[in-house]
Amino acid sequence: MATIGTGTTITFQSGLFAEIIEAEWSGMTRAVYDTSNFATTGAMTFAPGSLYDPGELSVRYAFDPEIDPTTALAAASETVTVTFADAAPASTMAASGTMRDLSISTPLEDRVTANAVIKFSGAITHG
(Lines give C-alpha, C1' and ligand atoms only; values in the text may rest on other atoms or scores of the structure.)
Protein backbone atom coordinates (compact mmCIF):
# COMPACT_ATOMS: atom_id res chain seq x y z
CA MET A 1 0.00 0.00 0.00
CA ALA A 2 1.33 3.43 -0.91
CA THR A 3 0.92 6.17 1.66
CA ILE A 4 1.15 9.87 0.80
CA GLY A 5 2.41 12.57 3.14
CA THR A 6 -0.53 14.95 2.79
CA GLY A 7 -2.39 15.10 6.09
CA THR A 8 0.58 13.89 8.15
CA THR A 9 0.88 15.78 11.41
CA ILE A 10 3.77 16.25 13.80
CA THR A 11 2.79 17.07 17.35
CA PHE A 12 5.25 18.50 19.82
CA GLN A 13 4.33 18.31 23.48
CA SER A 14 5.20 22.02 23.77
CA GLY A 15 3.11 22.99 20.74
CA LEU A 16 6.24 23.86 18.71
CA PHE A 17 5.97 24.50 14.93
CA ALA A 18 2.88 25.56 13.04
CA GLU A 19 3.18 25.04 9.29
CA ILE A 20 5.30 21.99 8.52
CA ILE A 21 6.29 21.55 4.89
CA GLU A 22 8.41 18.41 4.96
CA ALA A 23 9.78 15.92 7.47
CA GLU A 24 12.27 13.06 7.40
CA TRP A 25 12.88 10.58 10.21
CA SER A 26 16.28 9.08 9.57
CA GLY A 27 19.19 7.39 11.30
CA MET A 28 17.35 4.56 13.03
CA THR A 29 20.20 2.11 13.47
CA ARG A 30 21.23 -0.90 15.46
CA ALA A 31 24.87 -1.60 16.18
CA VAL A 32 26.46 -4.89 15.23
CA TYR A 33 29.74 -6.19 16.51
CA ASP A 34 32.37 -8.36 14.89
CA THR A 35 32.41 -11.96 16.15
CA SER A 36 35.08 -13.14 13.71
CA ASN A 37 38.21 -14.83 14.99
CA PHE A 38 41.22 -16.67 13.58
CA ALA A 39 39.09 -19.79 13.02
CA THR A 40 36.47 -17.94 10.94
CA THR A 41 36.52 -18.93 7.27
CA GLY A 42 34.82 -17.61 4.16
CA ALA A 43 33.47 -14.36 5.51
CA MET A 44 33.39 -12.25 8.64
CA THR A 45 30.61 -12.91 11.17
CA PHE A 46 28.64 -10.36 13.19
CA ALA A 47 26.08 -10.30 16.01
CA PRO A 48 23.48 -7.63 16.76
CA GLY A 49 23.86 -5.23 19.67
CA SER A 50 21.16 -5.06 22.31
CA LEU A 51 20.27 -1.39 21.74
CA TYR A 52 19.09 0.65 18.77
CA ASP A 53 19.47 4.35 18.01
CA PRO A 54 16.00 5.90 17.48
CA GLY A 55 17.43 8.37 14.96
CA GLU A 56 16.40 11.95 14.38
CA LEU A 57 13.62 13.95 12.76
CA SER A 58 14.45 16.73 10.31
CA VAL A 59 11.53 19.14 9.93
CA ARG A 60 11.27 21.95 7.37
CA TYR A 61 8.65 24.52 8.30
CA ALA A 62 7.46 28.05 7.48
CA PHE A 63 9.54 30.29 9.73
CA ASP A 64 7.74 32.88 11.86
CA PRO A 65 10.24 35.62 12.84
CA GLU A 66 7.98 36.67 15.72
CA ILE A 67 8.68 33.39 17.54
CA ASP A 68 12.08 33.17 19.23
CA PRO A 69 13.79 30.09 17.70
CA THR A 70 16.28 29.80 20.56
CA THR A 71 13.47 28.86 22.97
CA ALA A 72 13.19 25.42 21.35
CA LEU A 73 16.97 24.99 21.26
CA ALA A 74 17.21 25.56 25.01
CA ALA A 75 14.12 23.54 25.94
CA ALA A 76 14.08 20.17 27.70
CA SER A 77 13.40 16.94 25.81
CA GLU A 78 9.78 16.42 24.87
CA THR A 79 7.58 13.82 23.23
CA VAL A 80 7.28 14.22 19.46
CA THR A 81 4.51 12.31 17.68
CA VAL A 82 4.28 11.77 13.92
CA THR A 83 0.83 10.73 12.68
CA PHE A 84 0.51 9.29 9.19
CA ALA A 85 -3.07 10.25 8.33
CA ASP A 86 -3.16 8.50 4.94
CA ALA A 87 -2.62 5.07 6.53
CA ALA A 88 -5.73 3.01 7.16
CA PRO A 89 -6.15 3.29 10.09
CA ALA A 90 -3.97 6.29 10.92
CA SER A 91 -0.63 5.25 12.37
CA THR A 92 1.67 7.05 14.83
CA MET A 93 5.32 6.93 15.81
CA ALA A 94 6.53 8.81 18.90
CA ALA A 95 9.74 9.32 20.84
CA SER A 96 11.39 11.73 23.27
CA GLY A 97 13.50 14.28 21.44
CA THR A 98 15.70 17.33 21.85
CA MET A 99 16.29 19.98 19.18
CA ARG A 100 19.98 19.80 18.27
CA ASP A 101 20.14 21.96 15.16
CA LEU A 102 18.26 24.86 13.59
CA SER A 103 18.85 26.69 10.33
CA ILE A 104 16.84 29.47 8.67
CA SER A 105 16.65 30.03 4.91
CA THR A 106 15.69 33.44 3.50
CA PRO A 107 15.39 33.23 -0.30
CA LEU A 108 14.59 36.17 -2.57
CA GLU A 109 10.88 36.31 -3.49
CA ASP A 110 9.97 33.10 -1.69
CA ARG A 111 8.86 32.13 1.79
CA VAL A 112 11.29 32.07 4.68
CA THR A 113 11.69 28.54 6.02
CA ALA A 114 13.56 26.89 8.85
CA ASN A 115 14.94 23.41 9.26
CA ALA A 116 15.04 21.90 12.74
CA VAL A 117 16.67 18.60 13.64
CA ILE A 118 15.28 16.71 16.64
CA LYS A 119 17.55 13.99 18.08
CA PHE A 120 15.57 11.18 19.66
CA SER A 121 16.50 9.31 22.83
CA GLY A 122 14.98 6.11 24.15
CA ALA A 123 12.44 3.76 22.64
CA ILE A 124 10.13 4.58 19.73
CA THR A 125 6.47 3.79 20.32
CA HIS A 126 4.28 2.80 17.40
CA GLY A 127 0.52 2.74 17.34
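Which residues does Pro 69 touch, not counting residues up to four places away in sequence? Select Pro 69 to begin: with that exclusion, the residues in contact (heavy atoms within 4.5 Å) are Phe 63 and Leu 102.

The model is predicted: local features need pLDDT of at least 70, side-chain atom pairs count only at pLDDT 80 or more, and totals for chains, interfaces and linings use all residues. Residues are numbered from 1 along each chain as its sequence is written, and side-chain values use heavy atoms, with hydrogens and water left out.

**Stop 1: Pro 69.** Pro 69 lies in the loop between E5 and helix H1 (70-74); helices (H or I, at least four residues) and strands (E, at least two) are DSSP runs, numbered from the N terminus. Pro 69 is partly exposed, with a relative accessible area of 22%. On this scale, buried means under 20% relative accessible area, exposed over 50%, and partly exposed in between (1.4 Å probe, protein chains only). Next, select Val 59, ten residues apart from Pro 69 along the chain; the two C-alpha atoms are separated by 14 Å.

**Stop 2: the nonpolar core.** A nonpolar core is a set of buried Ala, Val, Leu, Ile, Met, Phe, Trp, Tyr and Cys residues joined through side-chain atoms within 4.5 Å. Select Ile 10, Trp 25, Leu 57, Tyr 61, Val 80, Ile 118 and Phe 120, which touch the most other members of the largest such core, a group of 18 residues. Strands E1 (9-12), E5 (56-62), E6 (78-84), E7 (91-105) and E8 (113-126) each give two or more residues to this core. The largest share, five residues, comes from E8. Then centre on Ile 118, whose contacts beyond four places in sequence include Phe 12, Leu 57, Val 80 and Met 99.

**Stop 3: paired strands.** Two strands pair if DSSP finds at least two bridges between them. Display E1 and E6, which pair in the antiparallel sense over four bridges; the bridge partner of Thr 9 in E6 is Thr 83. E6 is also joined to E7 by seven bridges, and these two run antiparallel.

**Stop 4: salt bridges.** A salt bridge is a side-chain nitrogen of Lys or Arg within 4 Å of a carboxyl oxygen of Asp or Glu. The whole structure holds four. Glu 22 is in strand E2 (residues 20-26) and Arg 60 in strand E5, 38 residues apart. Finish at Asp 53 and Lys 119, whose side chains also form a salt bridge (2.5 Å, N to O).
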